[in-house]
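Grab a pencil and work through these exercises with the model on your screen. Try each task before you read its solution.

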Amino acid sequence: MLLDETPLFEPSLLQELDWSGNTASFSPPVSPSSPGEGLVLRPLCMADFNRGFFKVLSELTKTGDVTPELFTKKFEHMKTTGDYYVLVVEDTHLGQIVATATLITEHKFIHSCAKRGRVEEVVVSDFCRGKQLGKWLVSTLLLLGKKLNCYKITLECAPRNVAFYKKFGYTASDDSYMQCRFFD
């Protein structure tokens with residue numbers, strides 16, 4: 001099975017982001033055009049299956065046994081809907097994915113048929129933590145959500161991560177989060 005460089009979404013969306021609206025501070029400064037030595041922030045592509053994408057995700061949660069065929073089928077579904085924006089950070093020296101995060105847009109009838117964004121699966125490889133990659137991913141997703149005209153962006157996080165997300169302007173909601181879980 002050919003796993004090519006097809007991106008999940010149009011890469012130009014990232015190049016068009018207005019970084020003047022970024023609220024997080026970086027030291028040293030980073031941006032999509034200046035991410036750091038050997039790092040590239042880009043959309044997930046099919047070939048990332050072989051670049052350690054699932055290894056990074058497994059540092060966050062169970063990934064299961066995903067075959068190239070299953071990955072391709074899910075990738076094509078996500079690409080077709082146009083509502084999934086999976087970012088990856090690739091270390092070009094290693095040829096490996098070292099971080100990832102996802103923005104999912106949800107179409108609503110409320111707010112004049114607006115879109116809501118949801119941030120999911122923010123994870124940075126253990127050996128790359130402390131290099132501002134998580135901050136870079138979350139900042140990018142917020143700017144992307146704004147560009148896509150989301151009326152709000154939400155996320156769920158562990159209590160230990162609340163302070164991290166507050167840096168971006170997230171606030172705790174009065175709503176109770178509830179779930180019905182069918183699988184671990």
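**Exercise 1: Rings in a helix**

F71 and F75 sit 4 residues apart in helix 3 (residues 68–81), so about one helical turn separates them. Helices here are DSSP runs of H or I with at least four residues, strands are runs of E with at least two, and both are numbered from the N terminus.

Before you start: this is a predicted model, where local features need pLDDT of at least 70 and side-chain atom pairs count only at pLDDT 80 or more, while totals for chains, interfaces and linings use all residues. Residues are numbered from 1 along each chain as its sequence is written, and side-chain values use heavy atoms, with hydrogens and water left out.

Task: work out how the rings of F71 and F75 are arranged.

Step 1. Get the rule: rings of Phe, Tyr and Trp (its six-membered ring) pair if their centres lie within 6.5 Å; planes under 30 degrees apart are stacked, over 60 edge-to-face, and the rest tilted.

Step 2. Apply it. The centres of F71 and F75 are 6.0 Å apart and the planes meet at 45 degrees, so this pair is tilted.

Step 3. Check burial (buried is under 20% relative accessible area, exposed over 50%, partly exposed in between, with a 1.4 Å probe and protein chains only). F71 comes out at 6% and F75 at 2%, so both are buried.

Step 4. Look around: ring pairs join F71 and F75 with F49, F53 and F54 in a cluster.

**Exercise 2: Follow the strands**

Task: find how strand 3 (residues 96–107) pairs with strand 2 and with strand 4.

Step 1. Strands pair if DSSP finds at least two bridges between them.

Step 2. Strand 2 (residues 84–91) runs antiparallel to strand 3, over 8 bridges. One spot to check is V86, which stands opposite T102.

Step 3. Now the turn: 4 residues lie between strand 2 and strand 3 in this hairpin, and G95 there has a positive phi of about 65 degrees.

Step 4. On to strand 4 (residues 115–124), which is also antiparallel to strand 3, over 8 bridges. Here T105 has G117 as its bridge partner.

Step 5. Finish with burial: 9 of the 12 residues of strand 3 are buried, so the rest of the structure largely encloses this strand.

**Exercise 3: A charge over a ring**

Task: which ring does K135 lie over?

Step 1. The test is that NZ of Lys or CZ of Arg is within 6 Å of the ring centre and within 35 degrees of the ring normal.

Step 2. K135 lies over the face of F26, at 5.3 Å from the ring centre.
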